[in-house]
Every structure is written in C-alpha cells, then in structure tokens.
Amino acid sequence: TVDMPLGQVTINKIINVQDSGRLINPKLVEQQVHGGMSQSIGFALYEELLVDPKSGRVLNPTLLDYKIPTTMDVPDLEAQFVETEDPTGPYGNKAVGETPTISPSAAIRDAILDATGVKFYEEPMTPQRLFEGFKREGLI
C-alpha cells in the first residue's frame, strides 16, 4: 500500500519461494529466508549509508541514524520451498545464504510501480524520494 502524499509504503504481504535442494533443517532454512527478506526490505526502503564526499566520514554511523527495518516495519513473512535433489550438494541440498535477499527489493519496487505507475531507479525508496517522484509525475 502506498500513501503518496506521505511517501509511505506499507508491505501488506510478501512471499519468497526458494529452491534450496533438499531441506535438511526446514525450520532453520525458513528462518534464514525470513532474515534475508527482512534485509532486502531494508535495502528497498530504509538503509542508506551517508558519506561526506570531502572527508569520507560516515554521517550516519549508528543505528539511531542508519535506519534498518524493525519488527513494526516487517509484515508476516512467508517462505515457501521447491525441493529438488541437487546431485552436487551434500545430502542433495543447495545454498540458502544470500539468495533470499535478491528478489524482495525488486518485488517491492515493482509493487510501487503497479500501485502508482511511477518507476523508481534508486534505493532506498525513502519517503522523500517517493514524494519527489510522485510530485514529478503530477500525482500530488
């Protein structure tokens, strides 16, 4: 859901489907996917490293200034799995480290496009950037 005047995005539902081969510890894999999804939500909407171009000093070095999603920002996460036997992996499994972080950010961007008709090409899609994009397109 997008509140255009506020530039606020609410993620109503998110599902991530992974092919992780045979799941040896399904609950652990599910939690790994949930963590990757949360991290990708941060990439899409919150996390921006600000650096002074003259000194190279980080301007938001603490979690008070560098925003990451909290439990209030993350909806119920759903992970689904396609189990295929990988003959090259141990016990038929595959990696599930960073793969859950790949698709949610792009899906959020596309959901914003679908809801508003406005394309954004820079992350994070902060309220300020969203507001400016909607204003530029004459939506507000």
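What share of the contacts in the protein chain between residues at least 6 apart in sequence joins residues at least 24 apart? The share is 64%, with contact meaning heavy atoms within 4.5 Å.

This is a predicted model, in which local features need pLDDT of at least 70, side-chain atom pairs count only at pLDDT 80 or more, and totals for chains, interfaces and linings use all residues. Residues are numbered from 1 along each chain as its sequence is written, and side-chain values use heavy atoms, with hydrogens and water left out.

**Figure 1. The whole protein chain.** The protein chain has 3 helices and 4 strands. Their order along the sequence is β-β-β-α-β-α-α. Helices (H or I, at least four residues) and strands (E, at least two) are DSSP runs, numbered from the N terminus. Along the principal axes, the C-alpha atoms fill a box of roughly 55 × 40 × 25 Å. Of the 140 residues, 36% are buried. Buried means under 20% relative accessible area, exposed over 50%, and partly exposed in between (1.4 Å probe, protein chains only).

Figure 2. The accessible surface comes to about 8,900 Å². Carbon and sulfur atoms account for 56% of that surface. Areas come from the Shrake-Rupley method with a 1.4 Å probe; for residues, only the protein chains shown count as cover. The protein chain carries 12 positive and 20 negative charges, and their mean positions are 5 Å apart. Lys and Arg count as positive, Asp and Glu as negative; His and the chain ends are not counted. Each charge is placed at NZ of Lys, CZ of Arg, CG of Asp or CD of Glu.

**Figure 3. The aromatic pair F120 and F134.** The structure holds 1 aromatic pair. Rings of Phe, Tyr and Trp (its six-membered ring) pair if their centres lie within 6.5 Å; planes over 60 degrees apart count as edge-to-face. F120 lies in the loop between α2 (103-116) and α3 (127-136), and F134 in helix α3, 14 residues apart. F120 is buried at 8% relative accessible area. F134 is buried at 0%.

**Figure 4. R109 over Y121.** The charged end of R109 sits over the ring of Y121, 5.1 Å from its centre. The criterion is NZ of Lys or CZ of Arg within 6 Å of the ring centre and within 35 degrees of the ring normal.

**Figure 5. The surroundings of K94.** K94 is found in the loop between β4 (77-81) and α2. K94 is partly exposed, with a relative accessible area of 31%. Not counting residues up to four places away in sequence, K94 touches D19, S20, G21, T84 and D86. R136 is 42 residues from K94 in sequence and 44 Å away in space, C-alpha to C-alpha.

How values were computed. Rings of Phe, Tyr and Trp (its six-membered ring) pair if their centres lie within 6.5 Å; planes under 30 degrees apart count as stacked, over 60 as edge-to-face and the rest as tilted.
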